[in-house]
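Look at the chain below.

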Amino acid sequence: MKTTAHIALIALGLSAAPALAQDFGGNVALGYGTYHLDSNADDYENTFLLATTITGSIGARFGDFGSQLDLASFDSKAADGDPNSSFSGGVVHLFYNISDYDVGVFYGMAGTDHQSGGDTADVTWYGLEMARDFGQYSIAAQIGLADSDNSHSSIDFANEFMFGAEASYDHDSDLTFVGGLASSGGEIHSDTDFKFTNVWVEASYDIGSTDFESFARVDYYIATGDGEVDNDRLTEASITLGFRYEFGNQASTPMMDSMIPAYTALATSTYDEAV
C-alpha cells in the first residue's frame, strides 16, 4: 500500500533527529493477545481471534520544541489460523512547550486489510493535542478529523470527528498504571452513522534493573450504528500481554500514540459484514 511507503519516508526523515536533539528517547513493544467479538448478527456471534501487536515511539526535544513519531502494526487471525484483519500505520507529532504543557499538532496514516471481509483502506487523521507531566502522573489528549478511502466505497468516511484522552500513574519506581478512552466516527452506505469507541487500562512493571518492562492490557471496544441497521452493534474485548523496551528520556514522547482511526476503518468493515 502507498501508506507503508509514506510511513517509511517519514521515519527516515526523522531518524536524524536524535543527533540534533538536546534530549531524546522512545520505546518498542511486542504484545500478544486474544480478542472476543460478539454481535447480534450470526457472522460474529461469540467469535475469538488471536492478535499480535508491535508498537514503537521515538521523540526528540529541541529546547521548547519537540517531535514524536509513533509506528504500529496489528495482525489478527481466527482460532484456526485463517487471517482476519491487519494494519500498519504511523503518526507524526510536532509540539511546543508552553508553561509546562506540550501543545501541538499530529498527522497519522495507516493501511488496513480486512481479509475476512475482502477489503482494504487507506486512512488518514490529523488534529490538535496536548500533554502534561506532573511528576508521579501525566495526562494527554487529542481531537481531530479522520478520513478513510476504502476499496468498498460504501464504507468510506470523511471528516469524521475523533478524540482521545489518557492518564498514567506511577505507583512506585517499578509499577505504572495507564487508562484511556478513544473514539472515532464513520459512515456506512451513506445513511448509517457509525461510532467506534475503545476504553483501556494497562499495568506495566519494570524487569529488575534492565530497560525492559512487562505489561498487561485490557481493552473494550464497542461499534454502534444507526440508520438502516439501527440497534445493531458489535463489541470486542481483548487481553494483551507483552514486553516493552525503553531507551533514553521517556519525557521525549509525551503524546498519545492512539491508532483509533485505523481500528475504526477495520471495524466499519467488520460491522458492515456482520450486519
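Start with Asn-27, which lies in strand S1 (residues 23-39). Helices (H or I, at least four residues) and strands (E, at least two) are DSSP runs, numbered from the N terminus. This is a predicted model, where local features need pLDDT of at least 70, side-chain atom pairs count only at pLDDT 80 or more, and totals for chains, interfaces and linings use all residues. Residues are numbered from 1 along each chain as its sequence is written, and side-chain values use heavy atoms, with hydrogens and water left out.

Is Asn-27 buried or exposed? Asn-27 is buried, with a relative accessible area of 13%. Buried means under 20% relative accessible area, exposed means over 50%, and partly exposed lies in between (1.4 Å probe, protein chains only). Which residues does Asn-27 touch, beyond its neighbours within four places in sequence? Its contacts include Thr-55, Gly-56, Ser-57, Arg-244 and Tyr-245. Contact means heavy atoms within 4.5 Å.

Tyr-245 leads us to the rings. The whole structure holds 12 aromatic pairs. Phe-212 and Tyr-245 form one that is tilted, at 5.0 Å centre to centre and 45° between the planes. Phe-212 lies in strand S11 (residues 212-225) and Tyr-245 in strand S12 (residues 233-248), so this pair ties together parts 33 residues apart in sequence. Rings of Phe, Tyr and Trp (its six-membered ring) pair if their centres lie within 6.5 Å; planes under 30 degrees apart count as stacked, over 60 as edge-to-face and the rest as tilted. Phe-212 is partly exposed, at 40% relative accessible area. Tyr-245 is partly exposed too, at 34%.

Now take Tyr-221 and Tyr-263. They form a tilted pair, 6.0 Å centre to centre with 40° between the planes. Tyr-221 lies in strand S11 and Tyr-263 in helix H3 (residues 260-274), so the pair links parts 42 residues apart in sequence. Tyr-221 is buried, at 3%, and Tyr-263 is buried, at 18%. Tyr-35, Phe-74, Phe-87, Phe-196, Tyr-221 and Tyr-263 form one aromatic cluster.

Rings also meet charges. The charged end of Arg-244, a contact of Asn-27, sits over the ring of Phe-215, 4.6 Å from its centre. Here NZ of Lys or CZ of Arg must be within 6 Å of the ring centre and within 35 degrees of the ring normal.

Finally, step back. The chain has three helices and 12 strands. Of its 275 residues, 45% are buried.
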